[in-house]
Amino acid sequence: MTDATQGPLPEPGLLARSLRVLSGNRTGVIGFVLVALIVGSAILAPWIVPYDPTAIMTGPRMAPPSAAHWLGTDNIGRDIFSRVIAGGRIAMLVAAASLTAALSVGLLLGLIAGLGPRWLDNLMLLVFDALRSFPTIVFGLAVVTIIGPSLYTVMLVVAITSVPIYARIVRTQTLALKNAEFILAERAMGVGLPRLLFVHVLPNVLGPLLILASMDVPLVIATEAGLSFLGMGVRPPTPSWGVILNDGYNFIRNSPWPVIGGSIPIILVTLGFTFMGEALRDIFDPKLRKAG
Amino acid sequence: MIFYATQRFVLSVVIVMVAVSILTLMLHVVPGDPAVMILGPRATPELIEQTRVAMGLDQPLPVQIVTFFGNILRGDLGQDVFTGRAVSQIVFEQLPYTLILITVSILWAAVLGIALGCYSALRRNTWLDTLTGVISVGTISIPSFVMALYSVLLFAVWLRWLPAIGAGEGVWDGVTHLILPSFAIGVSWVGYVARIVRASMLEVMGQPHVRMARAYGLPDGWITRSHILKIAVQPAVTLIGTGVAHLFSAAVFVEVIFARPGIGALIVQAVNERNYPIVLGAVLVTTGIIVLATLISDLVIAWLDPRQREEL
């Protein structure tokens, strides 16, 4: 952090800038709080669930919310609140693993496309466009037919469908930087490619990429929940938000609570990560901020 | 314009071909015999051999891909593993249901979204503008299948206003059965469309050609319609064009939840039966439609705004 009393023209530090942006941004604060709650409960899930999420008959069947069961119980008397918390752990695991994979591969492919020869760039763009033209869920279902439904299939599907998006952004940024004057100057001075990549290209590319990834978390979670809802992702009895919703859908005419309970976290996650992503964008890249 | 259109068309065809290659190669990248994987662990050796020959898996890979492209050009997408019916026939039987569903969903999104967006851009900072902002964030944050579940819950289980199962018989019944599913898909897009139309209208309203028109004393309504809206709907057209992929994804859920026939329901059923030829055929057809939709939206934009034609 920069000390304001030292140096002639102090740049506001990251923390100061964050606080200033957040102080005028209520939704940003809500976003950070929601994300902290969700990530925290996902990490602590095994210790904070009131009941075993797979234990049946913890109370009456399809009970409405009560003091004993905050979100009610499902068709075989499992505690929905416990299942929702445990499902959050699965959702966060999928998001973290698949986005990390997609970011690393996308970064690598984007750099190759941006710095490599023209024909390779064109070929890769073509493959990216082809991959993007599959609807995520439909492509996911095709993959499930080949390798069977599991948590790892979901991660693979998300990773494959997200790579083109990240790779394209890295490519565009790399291309723009490739001809920037300071890069040309460095090259003229005989600086090697590794140094150019790690000192100049990566730091410029990483920021927008991470912000985008945080805004993609809701999409990943919707894909996981969606595939699990169709019975093509996480398999029962493992509690996933999609599995909870599917159980709820089957008994929707008997009790609305499983559907309501299973959908609340999905909505909160989406709001949380979207708001947080927007706030992060304002903090790190004020230029991107849209004039209202 | 014709040159641009040809260029874009050729590119689209190439993209579809690459997509097809990815799908076929996927079967071969995974270790193990594709025939065994398609049929599952219960298959007998005879059945496996039969499938291998039927799918041409006994041929070398390059031959397989060339044959596959040749077959696609002749409209042959292979046969159903169980009944032996042509996949293309099965897929095109189900396709109309999905296309109608998606079209009506786009109508919901476009009509509500453009109206709300325009209104809140013209009447900035009124209560309706604020309300549109809230609705936008709200509808964007709810995935379509959750929206579908709530539609069933609210309109079919509690209020009992609309039917929620099947596609209905006859025209009127069909229309009433279409309202809820299409609303469930379309409403997620109202927010997006409204936000984008509002932002781009505000931008266009400040541009020189609009000020020029004002200076000439042209009537406000006319300026809005022929100078502002024509440019301002462009991002919305792009959004709907690229959004067709998401609409197909949403249709999968909505068809399952509302027990409607359609491509999505077909794919889910085929995956459960491990009927890969049908999955492959259906994915191919949807991908083709999506690429076509993107092409059309690009051409519509080029037609609305000649400035876009030079870029490719």
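Predicted model: local features only at pLDDT ≥ 70, side-chain atom pairs only at ≥ 80, totals over all residues.
1. Residues are numbered from 1 along each chain as written, chains are lettered from A, and side-chain values use heavy atoms, with hydrogens and water left out.

2. Chain B splits into domain 1 (2-87) and domain 2 (96-306), with bounds from an automatic or database domain assignment. Contact (heavy atoms within 4.5 Å) takes in 24 residues of domain 1 and 19 residues of domain 2. Taken over C-alpha atoms, the domain centres sit 32 Å apart.

3. Together the two domains of chain B bury about 1800 Å², with 76% of it on carbon and sulfur atoms. Buried area here is the accessible area (1.4 Å probe) that two parts lose on being put together, summed over both.

4. Which residues make a salt bridge? B:Arg8 pairs with B:Asp298, with 2.5 Å between the closest N and O atoms. The rule (a side-chain nitrogen of Lys or Arg within 4 Å of a carboxyl oxygen of Asp or Glu) finds 1 salt bridge across this domain interface.

5. On the domain 1 side, helices H1 (2-29), H2 (34-39) and H4 (61-73) of chain B each supply at least two of the residues touching domain 2. Helices are DSSP runs (H or I, at least four residues), numbered from the N terminus. H1(B) gives the largest share, 12 residues.
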